[in-house]
Structures are given as structure tokens and as C-alpha cells.
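Please open the structure in your viewer and keep the selection panel within reach. We will go from stop to stop, picking residues and looking at what surrounds them.

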Amino acid sequence: MWANFVACLDAVLPIFGLILLGYAAKCMGLLDRNDVRKMNKVFFRFFLPVMLFYSLYTSELSTAVQPSLIAYALGCTLLIFFVSLALVRHVEPERSRRGVIVQGLFRSNLVFIGLPVVESLMGAENLGPVVLLIATVVPLFNILAVVVLEYYGGERTRPGRLVLDILKNPLIIGSAAGFLFLVAGWKLPLPLETLARQMNQACSPVMLFLLGAFLQPEGLKNDRRAVLWVSFGRLMIVPAVTLLPAVLLGWRGVALASLLPVFASSTAVNSFTMAQQMGGDAELAGNIVVATSALCALTLFFWCFLFKTLGLI
């Protein structure tokens, strides 16, 4: 048990150590939120697509492509979305806050937290399944977020425009290219492969550092009640009703570890940006991101330790 405890600490603590360093840099005045937004754009357009490409490019085809795993993740995401949609009208009277709460419950930080966690638990060579989950679940996150924010008073987005935006998304392009190279068995020229490997190695630490620099805990007290129950739902209830059935269905090892960040990580950082752009309560959205990111250090350790102790990952 002690070995499992240490292994889970090794997987979780460095991730949140980098987040704390980013927050410290912000507190020292070395970075502000505008700096973070600019740097996030650079990583979103250049480094993240290469990271997703390289993770698939270096995967084993038989391990990476698991249609039943993808179907399960998509199905559970839809279930969480519709249950949250049904419940939120009974607990939140303000329409502008309802969409933000639903988004906080179903939309996980799959890219920023997920890849580092799975890499720590299972090794960089086993990232293929979680990358394919990113390529399929993240577009669903985006579509559902637009739907719920629009429904509760946001701006209208034409379906054709939404589909085009998804196809132009750098994360989708990087994942699609990596999948193509994986299936076709193509290899990059050595200099390009070295460049991709170096960008891949740089990506996760800097993303986590920027996440810390983005956090702003000062406003949490204004939305304490809503933030607390959304955090409990996102970090404890959602994992319990999705991961435990996955165990009963027989998923183990890399497959189960890949589902962990989909359902047990904090609320996605860009949920704040989308709420701000579509007329939702941006302050509440930011507070949910801050709270779930902080509490995730404890809850994600709990889920990792539970599954490690049971010998499931």
C-alpha cells in the first residue's frame, strides 16, 4: 500500500506543484492574466497540436484505438450533461448562472490535467487512448457548452459555423494528423521527429504553470454555495457514477487511467472564456475553475490511490 501511496503522490504532486509555481509567479507580478492569455494562444496553436500528434505518432495502434472506450466516454458525458440540465433549474434561480453550473459539472480539464496524469501513471508510450479521447470528447464538450450557454441567454451560434470551428480547431488537426500517421505507419524525417519530441516535452510543464498563473482565488467567497456543490459534483459524484461502472465493465490499466482525467479532473479553464463570450456569469465560471483546480489535487489523488490499491491501474 505504501508503494501505491508514493506512486500516486509522484503522479499528482508535481502537477499541482507546477500550478502553485505559476500562481506564485502571478502573485509576484511576473505574469498577469493578459500574459497568460497570449501565451495560451501560442501553446494552443503550436505546442498542443504537436503534443497530441506526437503522443499518437509514438503509440501502439492496438492500444490507442479502443472504440468501446470512446463510446463509453461520449455516452457518459452526454448523460452527465442531461442530468445536470435537469437538476440545475431546481437549485439555481438565475438563468445566466444555470449554463455556467452545467458546464462546470460536465466539462473537464482533459488536456491540461489529463495528459500529465496519464503520463505519470502509465508512461509516455501509453498516451494514445487519452489522446483519442481528447480528439472526440473535447469537441463534444465544446458543442454542449455552446448549446447550454445559448439556451440560457447566450449569443447564437449557427450550426454550420460551429462545425467549421471544430474542424479548424488545432487540437483536432493535430490529433487527426497523428492518427493518420499511426494508422498508415508513416515516419517523420529525423530532424522533424526530434523537433516534435522536444515540443512535446516542453508542453505539459508550461501549460500547468500557465494554469496556475491564471487562477484568481480572491472572488471565491462571492459564490461560495454554488462553487462548493459544483466542485463536489464535478470531483466526487461524477467520477463515482462513471468510473466505478467502468471498472465493473472490465476496463483496467491504460484504458481506466485514460478515463480518469475525463471524469475526475477539474473544470476546463476555457469554460471561463466561453462563459464570458456568450453572456454567462463569467465570475462564477472563473470561481468554479479556481475551486475545482485547487480541490482536484486531493480528489484526483484519492481516485488514483483507490484504483492503484485495488490493482486496477
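Is Ser271 buried or exposed? Keep in mind as you select this residue that the model is predicted. Ser271 is buried, because its relative accessibility is 2% and the cut-off for buried is under 20%.

**Stop 1: around Ser271**

Colour helix H13, which runs over residues 270-277, and you will find Ser271 in it. Now show the side chain of Ser271: it reaches the backbone oxygen of Ala268 at 2.6 Å. Next, display the partners further off in sequence. Leaving out residues up to four places away, Ser271 touches Gln103, Arg107, Ala285 and Val289. Two of these names, Gln103 and Arg107, take us on to the next stop.

**Stop 2: Arg107**

Show side chains here and look towards Gln103: the side chains of Arg107 and Gln103 are joined by a polar contact of 2.6 Å. Then widen the selection to the surroundings. Setting aside neighbours within four places in sequence, Arg107 is in contact with Phe141, Asn142, Ala145, Arg234, Ser266, Thr267, Ala268, Asn270, Ser271 and Met274.

**Stop 3**

How many salt bridges does a search of the whole structure find? The search finds three.

- Pick Glu92: its side chain meets that of Arg97 in a salt bridge, at 3.4 Å from N to O. Glu92 and Arg97 are both buried.
- Pick Asp223: in its salt bridge with Arg97, the closest N and O atoms are 3.0 Å apart. Arg97 lies in helix H5 and Asp223 in the loop between helix H10 (190-214) and helix H11 (224-248), so this pair ties together parts 126 residues apart in sequence.
- Pick Asp281: the side chains of Arg97 and Asp281 form a salt bridge of 3.3 Å, N to O. This pair links distant parts of the chain, with Arg97 in helix H5 and Asp281 in the loop between H13 and helix H14 (282-309), 184 residues apart.

Select Glu92, Arg97, Asp223 and Asp281 together, and you have a network linked by salt bridges.

Arg97 counts as buried because its relative accessibility is 12%. Asp223 is buried too, at a relative accessible area of 7%, and Asp281 counts as buried at 18% relative accessibility.

**Stop 4: two cysteines**

Next, select Cys296 and Cys304. How many disulfides are counted in this structure? The count is zero. Cys296 is in no disulfide, and the nearest cysteine sulfur, that of Cys304, is 8.9 Å away; a disulfide would need the two sulfur atoms within 2.5 Å. With the surface on, note that Cys296 is buried at a relative accessible area of 0%. Cys304 is buried as well, with a relative accessible area of 0%.

**Stop 5: a patch on the surface**

Keep the surface and turn to helix H4 (residues 67-91), where Leu79 has its place. Which residues make a nonpolar surface patch of about 280 Å²? They are Leu79, Val83 and Leu87. Leu79 counts as exposed because its relative accessibility is 53%, and the cut-off for exposed is over 50%.

**Stop 6**

Finish with your distance tool, going from C-alpha to C-alpha. Start at Val146, in helix H7 (residues 128-151), which counts as buried at 9% relative accessibility. Val146 and Phe181 are 35 residues apart in sequence and 31 Å apart in space. Then go to Leu306 in helix H14, which is partly exposed at 27% relative accessibility. Between Leu306 and Leu259 there are 14 Å in space, with the two residues 47 apart in sequence.

Note on methods:
Residues numbered from 1 in each chain as written. Predicted model: local features only at pLDDT ≥ 70, side-chain atom pairs only at ≥ 80, totals over all residues. Heavy atoms only, no water. Polar contact = N/O pair within 3.5 Å; in protein donor to acceptor, adjacent residues only side chain to side chain. Contact = heavy atoms within 4.5 Å. Helix = DSSP H or I, 4+ residues; strand = E, 2+ residues; numbered from the N terminus. Buried < 20%, exposed > 50% of the residue type's maximum accessible area, 1.4 Å probe, protein only. Patch = residues over 30% accessible without salt bridge, like charges linked within 9 Å, V, L, I, M, F, W, Y side chains within 5 Å. Areas by Shrake-Rupley, 256 points an atom, 1.4 Å probe, with all protein chains shown as cover. Salt bridge = Lys/Arg side-chain N within 4 Å of Asp/Glu carboxyl O.
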